[in-house]
Amino acid sequence: MSEQKETFNPEFNPLGAEGSIDTNAMPWIPIKDVSGLYVKPIRVSPESGMFSIIFKLDEGCSFPSSIYLGGMDLLVLSGQLNYVQEDKESVLAPGTWGFISANSKVNSITATEEAEVLANFYSAVAFLKEDGSLKSILTGTDVMNLAKDKNISLVPNSSTECWERGPQTYDGPGEPLAIASSNAATLVDSDVGSVLSSEISHPHFVDTREVPWFTMPTMPDVGLKLLRVSEETGFVSMIVRHNGVALPHTHIGASDFLVLSGALGVRAGPPEGYGPGMWFYEPAGARHEETQRVTDEDLIYTANIYGPLVFDSGPGTPVEAVVSWIDYKTMAEEGGIKLVPNSNSNDKTLLAWAPLTAK
Ligand SMILES: [Fe+2]
């Protein structure tokens, strides 16, 4: 390990942690032309056009009729949404996760209660007028410009950028997420209780509370809810309950995650760890030594993995396991966790399955 890495972030500045951003410290930025829609920009890849945001819709306001040019995945964090696509409606409650494949048209996503949603856009989204013609396009560049206007430093995209990163430059007031002041474990765990229920009639959405946990044999204290495995890209989406110690590992591909409950202790982070609303990006090639929770509460986070992980038992030790989408798929099958092909025949994605509740 280089001297530079050992001295990274010596002040434990939560806004300066490697590859992370405290979304609670950021403002909600209104989106021009869409009434009642606000975003917290998190990461934009100038290389691929992918961007990650948390968006908020005021009660009664809608994402317009849209075409998701590169696809999108989302997790409802708070509130309630009415989702309309192909003449069907779903009610999306906190904890509902979905994957919208590229070039899908969604008629509307309307907040029936003020709602906050974590969303990864794999490319731009085209907003349509009522007659179906193009109104505007929201791209990664637009999101980057929103951040620039507010002096917000987005998450670095590569390991090199992480080490070169300065402190967060936004010094205005933050507007914390709803999950920062609630028990967000209710999002994914039915045992913890829930206020709202989803009514899902679109097969590419799932109430994560209905997806069972399974464990990897080598890490019995780490539970996974597998939500999506792409046989085309190797991308894997899941919810992680991280109550033990994760073995040291290297991310061959990047990954991102949002803490939902508990507190995560990481190298160069503060002793109290990072809690709900902290969003992390592990760039391709990132390595960590052991990571663990630092409170007694369940540590639960979302995770998208964009390539395999290589586990060992410390610097210079032999590789103990390489875990890719193939292994997650196999583990799910062996654990009796059903994954089903996306109903869109163009999409080589396997999705979590839970009983659909037709509306
Ligand atoms: Fe990691």
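Predicted model: local features only at pLDDT ≥ 70, side-chain atom pairs only at ≥ 80, totals over all residues.
Let's start with helix H2, which spans residues 140-149. Its buried residues are Gly 140, Val 143, Leu 146 and Ala 147. They cover an arc of only 115 degrees around the axis, so they sit on the same side of H2. That buried set packs against strands S2 (29-30), S3 (37-44), S4 (51-57) and S13 (134-138). Turn to the face pointing away from the buried side and you'll find Lys 148 and Asp 149, both exposed. Just after H2, Asn 151 takes a positive phi of about 65 degrees.

Strand S4 brings us to the aromatics. The whole structure holds 12 aromatic pairs. In one of them, the ring centres of Phe 51 and Phe 121 are 4.7 Å apart and the planes meet at 15 degrees, so this pair counts as stacked. It ties together distant parts of the chain, since Phe 51 is in S4 and Phe 121 is in S11, 70 residues apart. Phe 51 is buried at 0% relative accessible area, and Phe 121 is buried at 0% too. Trp 279 and Tyr 281 also stack, 6.2 Å centre to centre with 0 degrees between the planes. Ring pairs also join Phe 99, Tyr 122, Phe 235 and Tyr 306 into a cluster. Over the face of Tyr 122 lies Arg 228, 5.9 Å from the ring centre.

Finally, look at Thr 250 in strand S19. With a relative accessible area of 19%, Thr 250 is buried, because the cut-off for buried is under 20%. Its contacts include Gly 285, Arg 287 and Pro 308.

Key. Residues numbered from 1 in each chain as written. Heavy atoms only, no water. Buried < 20%, exposed > 50% of the residue type's maximum accessible area, 1.4 Å probe, protein only. Helix = DSSP H or I, 4+ residues; strand = E, 2+ residues; numbered from the N terminus. Arc of directions from axis to C-beta. Contact = heavy atoms within 4.5 Å. Phe/Tyr/Trp six-rings, centres within 6.5 Å; stacked < 30°, edge-to-face > 60°. Lys NZ or Arg CZ within 6 Å of the ring centre and 35° of its normal. Lists of a residue's contacts leave out its neighbours within four places in sequence.
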